[in-house]
Amino acid sequence: MASSVPLTPKGSFPRYLEHLSGSGKAIGVLTSGGDAQGMNAAVRAVVRMGIYVGAKVYFIYEGYQGMVDGGSNIVEAKWESVSSILQVGGTIIGSARCKAFHTREGRLQAAANLVQWGITNLCVIGGDGSLTGANIFRKEWSELLVELAKNGKISEEAVTKYSYLNVVGMVGSIDNDFCGTDMTIGTDSALHRIMEVIDAIMTTAQSHQRTFVLEVMGRHCGYLALVSALACGADWVFLPESPPEEGWEENMCVKLSENRARKKRLNIIIVAEGAIDTQNQPISSQKIKDLVVKQLGFDTRVTILGHVQRGGTPSAFDRILASRMGVEAVVALLEATPETPACVVSLSGNQAVRLPLVECVQMTQDVQKAMDERRFKDAVRLRGRSFEGNLNIYKRLAIKLPDDQITKSNCNVAVINVGAPAAGMNAAVRSAVRVGIADGHKMLAIYDGFDGFAKGQIKEIGWSDVGGWTGQGGSILGTKRVLPGKFLEEIAEQIRAHSINALLIIGGFEAYLGLLELSAAREKYEELCIPMVMVPATVSNNVPGSDFSIGSDTALNTITDTCDRIKQSASGTKRRVFIIETMGGYCGYLANMGGLAAGADAAYIFEEPFDIRDLQSNVEHLTEKMKTSIQRGLVLRNESCSENYTTDFIYQLYSEEGKGVFDCRKNVLGHMQQGGVPSPFDRNFGTKISARAMQWITTKLKESYGKGKKCVSDDYICVLGISKRNVIFQPVADLKEETDFEHRIPKEQWWLKLRPLMKILAKYKASFDVSDSGQLEPVQDQNTQGEPAAI
């Protein structure tokens, strides 16, 4: 299985997990503060990774309270202890606010309890308060032990043996209020709950022409309010970090009545529970409702979402994030020395990184201080690149300037969807159209892909034409897999007829191939010498040049939800193995990541060839599993992973080999994975990346028009994507080398590095490369190289 061992940069030696040993180490894991969906996935990853490397792992029940009370609150965890918790919201080990831990006596008692179990490594999952507490405890540790020995509570040799405590934190908070990480565990799931409610409210509001004021959580942080406003196209949003300017009451009412005049049948206003005005006075949802009713006489309702946002099953994103962070936390503890400062495992773009806990907490507290001192611009800046970017894009997309205030560029920019439909395409089109109009361009929509382009199915598209598009699945413009090669002359003719100055292509691998064909034809057709940029949108996530594609998160959630239901159906029958076929062409992204998010026992993918011996070993593994208390299995298979080992073949093999031990069922998910409403991630990602593509187009048009030159160089035809931590534009010509055209996949794929993770968490031995992790990074330096990719 060659691709289990990923490549490492030249000149560096790969470090593998096998080089790290946990034998003799004891790790305590606790969840503290408010609960968040995905905490269980983190607990599961810590327990299983800890056991895998030979350490003992202990549950500390009820957070710090359990640590202080000791006794039955500290229990050794077994492999099976964390089975079937991946899909459960909240935290199975409980969480509590603990006053005793704030006192030295409480911490003394906690230290005595940990020493009793030999625990000198702590993995804390919670918010900034919980992590600060852990750091104080770490600093005091040696003094506490000396005092305990003096009082005769522990022996002198225990003081020497357990002389230091290592602490690693993971941030579990639905508010995403912790500086230093792009996403905290639970935020994505909370957005799922909010969007479910908004989508439901929109249908009833439309029926009655109502205005809805929605209050979402976020006492000190407006992230949930901001991203949900961005993802649903809300008319107005109130945040603690960015209060509305003086006279907002009148401005808001003017905006709402303008939207009604544009034939919009509903208004949505989103309020963070901690929303304030510039004088730090609270703005309540009731106050906003009263204002709208009094000034405009609109039928207005208030909905307060409350604790619904904390509940429900974690999304696929949160499960994968928490699993990655849990594994990284154990690796960090294995590598820690007495001098290692407490660190936080966090997400930067698409990379797990370690940051100094103290700096992150300090920065988080600085935001609150800036808000208290009414330095709101500083508060937004300190919140980080993700927050600031979201706020700027929301303002551009929500408020249209009057036509006489927009400087016209005299350029026509066309938008086209190509390939199979993917959820989030419409959000990307809406964003592109509105940013284009704000930049002074005339926006043209091309219907039905390159086929429609050749036939001249091209119309101007306006600001209000794309209202309400963010939450709609599929492709409203229509999309086809047809490539432009056959119609180059007709397409050149249409570009000339409609004076198209730039082209934005939103689509999957066909869009990429189409872009290559258009690029190659520039010598023959000078009309094609215009800036063109492609935004990847496909459930398969197989476009070279980007780690993510619009639509793949929605498909992943569909797979994860279906697997949850299937696993539940097996809990009654026992001893059953399910074989599930996913989409993706030759790209194993959905099968692999779906397997990680659903807790699968195996995932067969094309990128990692397998033979009959591998299938045999999987059957034996499942036979062993059936002897434990977990009597069900889940196996994912990518649709094109093997020509001969088909889903039917694997199903029949498992059925035959498992006779008398387990029975088998199969399920082909099919086009369910392409349908459905886009997930919050895909709406947000589609909106942001498409807005960035339009900014690029505007810059390129200014460059070429200022100098009156034709766009013939390669850097005028690009693919926009996310790579590790950065947003990058790569000339399509440069990406040719990185593409396996026969199998329609990139030659190197980042997620293959996470493949061993799925195996380890399913109790297989695997070679796991930990070369990327290791160094503590300063918080500020994260933004220095390249253009940051805050997702």
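Let's start inside helix 4 (residues 128-150), where Phe137 and Trp141 sit four residues apart and are therefore separated by about one helical turn. Helices here are DSSP runs of H or I with at least four residues, strands are E runs of at least two, and both are numbered from the N terminus. At 0% relative accessibility Phe137 counts as buried, and Trp141, at 1%, counts as buried too. The cut-offs are these: buried is under 20% relative accessible area, exposed is over 50%, and partly exposed is in between, with a 1.4 Å probe and protein chains only.

Before going on, a word on where this comes from. The model is predicted, so local features need pLDDT of at least 70 and side-chain atom pairs count only at pLDDT 80 or more, while totals for chains, interfaces and linings use all residues. Residues are numbered from 1 along each chain as its sequence is written, and side-chain values use heavy atoms, with hydrogens and water left out.

Back to the rings. A pair of aromatic rings is described by the distance of the centres and the angle of the planes. Rings of Phe, Tyr and Trp (its six-membered ring) pair if their centres lie within 6.5 Å; planes under 30 degrees apart are stacked, over 60 edge-to-face, and the rest tilted. By this rule the count comes to 19 aromatic pairs. Phe137 and Trp141 have their ring centres 5.6 Å apart and their planes at 90°, so this pair is edge-to-face.

Now look at Tyr586 and Phe606, an edge-to-face pair with 5.0 Å centre to centre and 65° between the planes. Tyr586 lies in the loop between strand 17 (576-582) and helix 19 (589-598), and Phe606 in the loop between strand 18 (602-604) and helix 20 (612-625), so the pair ties together parts that are 20 residues apart in sequence. Tyr586 counts as partly exposed at 32% relative accessibility, and Phe606 counts as partly exposed at 23%. There is also an aromatic cluster, made up of Phe317, Phe548, Tyr589, Phe681, Phe685, Trp750 and Trp751.

Glu62 has a phi of about 60° and is found in the loop between strand 2 (56-60) and helix 2 (63-69); at 35% relative accessibility, Glu62 counts as partly exposed. Asn541 has a positive phi of about 55° and lies in the loop between strand 16 (532-536) and helix 18 (552-573). At 4% relative accessibility, Asn541 counts as buried.

Finally, zoom out to the whole chain. There are 24 helices and 24 strands in it. The radius of gyration is 27 Å, close to the 28 Å that the globule rule gives for 791 residues, so the chain is as compact as a globular protein of that length. That radius is taken over C-alpha atoms, and the rule is 2.2 Å times the number of residues to the power 0.38. The C-alpha atoms fill a box of roughly 90 × 70 × 55 Å along the principal axes. Of the 791 residues, 62% count as buried. With a contact meaning heavy atoms within 4.5 Å, residues 24 or more positions apart account for 80% of the contacts with a separation of 6 or more.
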